[in-house]
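I opened my notebook to look up a few local features in this one. Here is what I wrote down, entry by entry.

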Amino acid sequence: MLGSLIPTRWRRNYAMTDPDKPGFYNRQVTPYLQAVSLKACTHPIHSIAIVAVLGSAFYVNLLESGFFQPSPALAGNRVDLNALSVGSRRLHLGEETSWKWQLQENGTGKKAAEQTDEDFALVTLAFPDTNGSPYAAPIAQGVPLPEGSSAELLPSSANRLSPISSDTTLAFSMPYNEVASFLDSVKQVPAPTNGMAQVEDGSDDEPEQKRWLMKNGRRGARSNGLLEWAENSWTAFVDLLKNAETLDIIIMSLGYFSMYLTFISLFLSMRRMGSNFWLGTSVLFSSAFAFLFGLVVTLKLGVPEDVVLLSEGVPFLVVTVGFEKPIVLTQAVLSAALHAKQNNNGNGEPLTIQHAVQIAVRERGFEIVRDYAVEIAILCAGAASGIQGGLRQFCFLAAWTLLFDCILLFTFYTAILTIKLEINRIKRHVTLRKALEEDGVSRSVAENVASSNEWPKDESFQSSETYSIFGRKVRDSSIPRFKVMMVTGFILINVLNLCTMPFRGTRNNSPITTAGLSSVVTQPPIDPFKVAGNGLDYIFNQAKRNRQSLSVTVFNPIKYELQYPSMIDAAQETSDWSLLNGDYREGMFSAVGGRVVESLLKSFEDPVLSKWVITALAMSLVLNGYLFNAARWSIKDPEQAQELRQASVTEQRPTSSHLKKPSANGSTLAPSPMDSEAEGPVQEAEPGSETRKRTREECEAMVKDKKAPLLNDAELVDLSLRGKIPGYALEKTLEDKTRAVKVRRSVISRTPGTAELTAGLERSMLPYEHFDYDRVHGACCENVVGYMPLPLGVAGPLTIDGRSYFLPMATTEGVLVASTSRGCKAINAGGGAITVLTGDGMTRGPCIGFETLTRAAAAKVWLDSVDGQKVMREAFNSTSRFARLQQLKSSIAGTYVYVRFKTTTGDAMGMNMISKGVENALKVMSKEAGFEDMAIISVSGNYCTDKKPAAINWIDGRGKSVVAEAIIPADVVRNVLKSDVNALVELNIAKNFIGSAMAGSIGGFNAHAANIVTAIFLATGQDPAQNVESSNCITVMKNLHGNLQISVSMPCIEVGTIGGGTVLEPQAAMLDLLGVRGPHPTNPGQNAQQLAKIVAAGVLAGELSLCSALAAGHLVQAHMSHNRSAAPSAAPSRAQSPRPGGKPAAALNPVGLAMTNMVERAGREASRR
């Protein structure tokens, strides 16, 4: 039981993928976590809105508590000494300290009555640079001093920024009991002019003069300006550099730097999971809300907190706690979604994002909560330990923050994660559907395909354990290690600080003892010798000469700004909500809850909250607009909706003789008991049946009334044979595609003109049931009478560019898959295949005609000009989001002009997409370029060239141009391929080069590239007819240092991963096997390019194996062994294939090496002579 409480990272031999049984606490906690997360996922907008409202209310409460406002130094026109004493240092000097300065407790909170005559104060007045102003910094004589004051001017000290800053400082020393009156007298200091002429306004009234006004702690008018906020932040940073201790600056810089690195790590991790901005930002918002809630609760419980304390402690809290928990939860959600998709959700559970979140919470929820509990327990121990200096308050606040962070992780962040994944799903759905529609697929089929491919894919996040940061590879485990190093380094710095104190010297060799952890838990104390070093030296010399002990309190520099006094007074008295302070107050806010409304209205005066409200409203508009568009995208066409309604009505009617078959997105299914009624041919109604036989006139009337689904199959066949229902319209008429296929088979079997040949079709072995024809109709085939099962095997695995693939091959040719597998084995033994994509562009070559040669020549000149290319490119690109015109090439033959458009098409093969763009470009050319007299003879003028051998494809390429190469070691050639390197090189030259040239081949300089191309095309849903140009290949073999270097160059591989046959689930499953299904999520076209590389690598393996078999004389023997044996058995060549490096089982067949042996024999005879 206790073992389940141990954090995962502390367990030995623990693997996160182990399906370990949940422990006792896991079983108790997980159901509650699932219930909470389910509510948040089911109502994400409500969850986010509730958290946002609570956050705004807590922030308003924090504003009303005055937490962000420091104690004003000027309250009621009086100086608040305690406010100005914050951060001061108290030093003591005397014989008891061996005349060395010694640091005492901070002077904050000391009362003047408790001081003695030997207690002094050192006050520094700081005046900023006045370059460009007619006023100058005051001199010592211009500072108004109270009557009877013993304040003495001291030498000012220069800070580290003095060389680049012209600020003026005045240092005064006085007894401590005179500090209050001194500060009260210097609230305003006259600003002398620096000699520059002032502008006169021409009035008789004396113009108001600017004065130096005390700035420290003054509560002025609030400003919504971002520029002023930036200026104040920069001023505070400069003051820190001037006055703080060097070690404190180093520690805080390291803390903030580490915090920013943690933020970068968060966004890099989220980027690996597919989110560049939103998820990382959501994590920060969730943590900010948790911090806000924790801060308000802490203050309400009476625990004091300080802004400076928080600004220094939060970076270390962020670094030590980090953001691993949201990252782990996000990874678990995506992993659950992917596993559900890969397993096809066979367990019957709903395939939804909410369900994926439930699985993730079930698997990782308790682990996350346990880690939170351990961290909160440690912080609670720190808060209860009694440690001083502010650590107790900080631990208390951090514990509450982690508690709220845990709650928000399973509510707020989970809701945002759900919305993000849902939006991504909608985007994938719409993008794929539009791409399919651009490629010519009907809307219904495109919607069906997009619905099954909208789930997250493996490409949405990287599964690798490493990623790049600042150009170097970093493992996930490096982040916790970095945090340990950061915390350890922080502790070592403070330990070093404590250990070196006895040996550290300052001015006058005076050791100043400080608390090593002060920079983390208290306001950064000033370095008194940086603030007033020269003044302290002066006091030191005076005290030592007089042998008088004394104590000096060094105040923080008191800053001034140059302003008109009347403007400051007006700003303090005026408020944007002053209307609420008058007579209307009682009327507006006298009702119950009026105080709440008042506080909310006044809160909009705050710059942070007002910007938050504007941002929230903008995000709400964007999100609602996007979801509205998503809803609009999902709205069915009126005709389609009517068809769906009619289909639902038809399914409810039991009179149909054919029950609708279950389908699973195109894959074949096992028959169900209900299908027995539909098996067999269409039967005529028996004479004695109870159902009255309808007359032909009644049947025709029912067809006209769109009640054809109510007819039985025999009546439908009769109507179709008589031409009342066209055979091509059965699917639309019956609204049941499987039944339409069955009826069509009967119609074809009973057609009188072909009955002699087709009578057996309806009883044939051609299957037609249990198939999803929704994906076929309007996309792949018409007049469907069934589907053709085709054997499918896999060759490989084959290593391609460092990644292994099994190659799906649909073929009826024996030995083809086995031979390709042997080639894969040899290529893998040599390190795998390397592929290079050299071109990517599908072509379409229309033919346009003119009456005269002059006009045809003018059109060609215009098409080849820069202006013509620009006009045609813009017209073409306007028709598609994916098709982009790359090249325009024109040729002329008589009065005909042939234009070859070459374009990118994304992940689609793209012929329909290009045709649409070509039509629009020619239309623009005709109407806007002055060629109204041209005639479009054909959109395809065989200048493409599509599905025909052509030299232009071989030279310029079409589709994807790929080169694949492999180097096969000599021993692998001998032992695996049973051949010889020189024999293979000789055979390739004699067969593939000379033989093909003798035959006048175009692109056929290979052994059997078409075999592999066609088999992979059939398996992956490509157009088999495009095998003509896709099989263009030249195979090159060379002897490279005794090894075989083989390469295939294929300039015309025409493939796509969307559209066409890829919409069918069996073919799409093979694309899934290769990891290239559908459009690429980030780089359109990359999936199709990768498929082309796989095809080229498969051809490489097939070429290597066949040429080796030919060289060794094993071809006929292998075919006879594989195709003529009574039972499946391994080929002798395969049985004799030893492992790479082993000895061959038999000598090479002398038939295959006859030419090589003949040459060697002639060489030996010549040497003897």
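I started at Thr799, which lies in strand β14 (residues 792-800); strands here are DSSP runs of E of at least two residues, and helices are runs of H or I of at least four, numbered from the N terminus. This is a predicted model, where local features need pLDDT of at least 70 and side-chain atom pairs count only at 80 or more, while totals for chains, interfaces and linings use all residues. Residues are numbered from 1 along each chain as its sequence is written, and side-chain values use heavy atoms, leaving out hydrogens and water.

I asked which residues Thr799 touches beyond four places in sequence. I found Ser804, Asn828, Gly831, Gly832 and Ala833, with contact meaning heavy atoms within 4.5 Å.

I stayed in strand β14 for Pro797.

I then found another cis bond, between Cys944 and Thr945, with omega about -5°. Thr945 sits in the loop between β20 (935-938) and α30 (951-956).

Asn942 counts as partly exposed because its relative accessibility is 47% (buried is under 20%, exposed over 50%, partly exposed in between, with a 1.4 Å probe and protein chains only).

My last stop was His1041, in the loop between β23 (1033-1040) and β24 (1043-1053). Phi of His1041 is positive too, near 55°, and at 77% relative accessibility His1041 counts as exposed.
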